[in-house]
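Dear colleague,

Please have the model open while you read.

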Amino acid sequence: MAKQNNTLNTTELMTGKDGKLFVEFSGQNYFLAEINTYSVNMNVNTAEKQPVGSILVHRIPTGVTFDLSYTEMVIRDDLIMEPLLAAIQAGNIPVYNFQGVAYKPDGQEQRLAFNNAVPNGTFGLQTLTPGEVIEREQSFALNQIPQFITSIASQYLYSA
């Protein structure tokens, strides 16, 4: 049986400064340094069924969706916005591939692929507020399950 350590070692914690988001453009990954927040979320879809004679409504998992959303400080249009609007003008919706990475202080890297991403929902083009940095929000639906390229492990907390 592995030794169990139930004390959190805060030297293993990562913060937002320890991560990056990349987008693939013309076959090459580009670091999106202008991204100040991003998140990838999994949504589990369920169907509700209530058997006769039961007060409990059961939820049955039926599928999952994944969403990538971010806010960027506007400094360029060449990687996403300009190609997106040009494709829409031509009657197409482009597909994007992203990679998210987070680095642990001990040098481990957690890297995930977020592929087959398509624009989804409200997609910010220009929002200006006097005295503020110009930002825009963008949201993508991932049409592929995210995949670990590299994963991390705790050096102090042990699994059973």
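E12, K104 and D106 are linked in a network of salt bridges, where a salt bridge is a side-chain nitrogen of Lys or Arg within 4 Å of a carboxyl oxygen of Asp or Glu. Please keep in mind that this is a predicted model, in which local features need pLDDT of at least 70 and side-chain atom pairs count only at pLDDT 80 or more, while totals for chains, interfaces and linings use all residues. Residues are numbered from 1 along each chain as its sequence is written, and side-chain values use heavy atoms, with hydrogens and water left out.

Searching the whole structure gives eight salt bridges. One of them joins the side chains of K17 and D18, with 2.9 Å from N to O. In this pair K17 counts as exposed because its relative accessibility is 70%, whereas D18 is buried at a relative accessible area of 14%; here buried means under 20% relative accessible area, exposed over 50%, and partly exposed in between, using a 1.4 Å probe and protein chains only.

R136 takes part in two further pairings that I would look at together. In the salt bridge between E72 and R136, the closest N and O atoms are 2.6 Å apart. E72 belongs to strand β4 (residues 58-73) and R136 to strand β7 (residues 135-142), so this pair ties together parts that are 64 residues apart in sequence; strands (E, at least two residues) and helices (H or I, at least four) are DSSP runs, numbered from the N terminus. R136 also forms a salt bridge with D77, where the closest N and O atoms are 2.7 Å apart. That pair again links distant parts of the chain, 59 residues apart, since D77 sits in the loop between β4 and α1 (81-89). R136 is buried, with a relative accessible area of 5%, while D77 counts as partly exposed at 40%.

E72, D77 and R136 are also among the residues that line the largest cavity, a cavity being a set of points, on a 1 Å grid over the protein atoms alone, where a 1.4 Å probe fits but cannot get out, and lining residues having an atom within 4 Å of a point. About 70 Å³ of space lies in this cavity, a volume being the space filled by probe spheres set on the points, which are joined across faces, edges and corners. Strands β4 and β7 each supply at least two residues of its lining.

Best regards

Definitions and conventions. On a 1 Å grid over the protein atoms alone, a cavity is a set of points where a 1.4 Å probe fits but cannot get out, and a pocket is an open set with protein on both sides within 12 Å along at least five of seven lines; lining residues have an atom within 4 Å of a point.
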